[in-house]
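This briefing is meant to be read beside the sequence and the model.

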Amino acid sequence: MPLTAPTDLIALPAHSDARGMLVAIEGTIDVPFSIARVYYILGTERAKRGFHAHRELQQLLISVKGSCRVIVDNGRERREHLLSQPDQGLRISPMHWLEMCDFSKDCALLVLASAHYDEADYICDYPAFVAEAQAQPAS
Ligand code: T46
């Protein structure tokens, strides 16, 4: 499995000084979409999460603390990313299956999303996702 696709990773503007680090993220400027929703995932040690794709939603995943492994699958190939830097975001485009695992005990995963929560946007059945993804032109 290839490790990290550079084009999926976005460098975020970090302002570091003697007091620490501040990362500021502006919708449509630092991420390629307007931010409609923010959520975060904590306390996930030994858990696996995700296992679904979105038809329309765009997201940016940032491990603001600790680390986790993210597998992104476009229905043709799977890529694995280790997220461990608070100034780096992983962009998840529509029609990409997502699996998250190997969370460190202290992992805090911040997610910026392009739309409000919509259960109907989820595809949770992997074979159905692959069939739908493969019917689309390759991205
Ligand atoms: C994704 C990955 C990265 C809400 O009520 N509002 C929300 O905005 C979200 C994201 C979730 N929920 C509820 C729905 C479930 O009852 O929170 C519960 C846990 O959600 P879920 O099992 O979908 O969590 P993950 O970690 O498997 O997936 C989440 C996002 O749902 C998903 O869009 O891409 O994080």
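What follows is a set of notes, grouped by topic, on a predicted model.

**The shell around the ligand**

- The residues that surround the ligand are Arg-37, Tyr-39, Ile-41, Arg-49, Gly-50, His-52, His-54, Gln-59, Leu-98, Met-100, Tyr-117 and Tyr-122.
- Sorted by class, this shell is made up of six nonpolar, four polar and two charged residues.
- At least two shell residues come from each of three strands, namely S4 (37-42), S5 (49-54) and S10 (97-101), and the largest share, four residues, is supplied by S5.

**Polar contacts and cover of the ligand**

- An N or O atom in the side chain of Arg-49 is placed 2.6 Å from an oxygen atom of the ligand, and in the case of Gly-50 a backbone N or O atom lies 2.8 Å from an oxygen atom of the ligand.
- For His-52, a polar side-chain atom is found 3.4 Å from an oxygen atom of the ligand.
- Taken on its own, the ligand has 650 Å² of accessible area, and the protein covers 65% of that area.

**Strand pairing around S5**

- Strand S5, which supplies the largest share of the ligand shell, pairs with S10 in the antiparallel sense over three bridges, and within this pairing Arg-49 stands opposite Met-100 in S10.
- Both Arg-49 and Met-100 are listed among the residues that surround the ligand.
- Strand S5 also pairs in the antiparallel sense with strand S12 (residues 122-123), here over two bridges, and Ala-53 stands opposite Ile-123 in S12.
- As a general point, side chains in a regular strand alternate between the two faces of the sheet.

**Ser-67 in its loop**

- Ser-67 is placed in the loop that lies between strand S6 (59-65) and strand S7 (68-73).
- Is Ser-67 buried, partly exposed or exposed? Ser-67 counts as partly exposed because its relative accessibility is 21%, whereas a buried residue would have to be under 20%.
- When neighbours within four places in sequence are left aside, Ser-67 is in contact with Leu-83, Ser-84, Asp-102, Phe-103, Ser-104 and Cys-107.
- Ser-67 and Ala-24 are 43 residues apart along the chain, and their C-alpha atoms are separated by 20 Å.

Key
Residues are numbered from 1 along each chain as its sequence is written. This is a predicted model: local features need pLDDT of at least 70, side-chain atom pairs count only at pLDDT 80 or more; totals for chains, interfaces and linings use all residues. Side-chain values use heavy atoms; hydrogens and water are left out. A residue is near a molecule or strand if one of its heavy atoms lies within 4 Å of it. A polar contact is a pair of N or O atoms within 3.5 Å; within protein, one must be able to donate a hydrogen and the other to accept it, and residues adjacent in sequence count only if both atoms are side-chain atoms. Accessible areas come from the Shrake-Rupley method with a 1.4 Å probe; for residues, only the protein chains shown count as cover. Ala, Val, Leu, Ile, Met, Phe, Trp, Tyr, Cys and Pro count as nonpolar, Asp, Glu, Lys and Arg as charged, and the others, Gly among them, as polar. Buried means under 20% relative accessible area, exposed over 50%, partly exposed in between (1.4 Å probe, protein chains only). Contact means heavy atoms within 4.5 Å. Two strands pair if DSSP finds at least two bridges between them.
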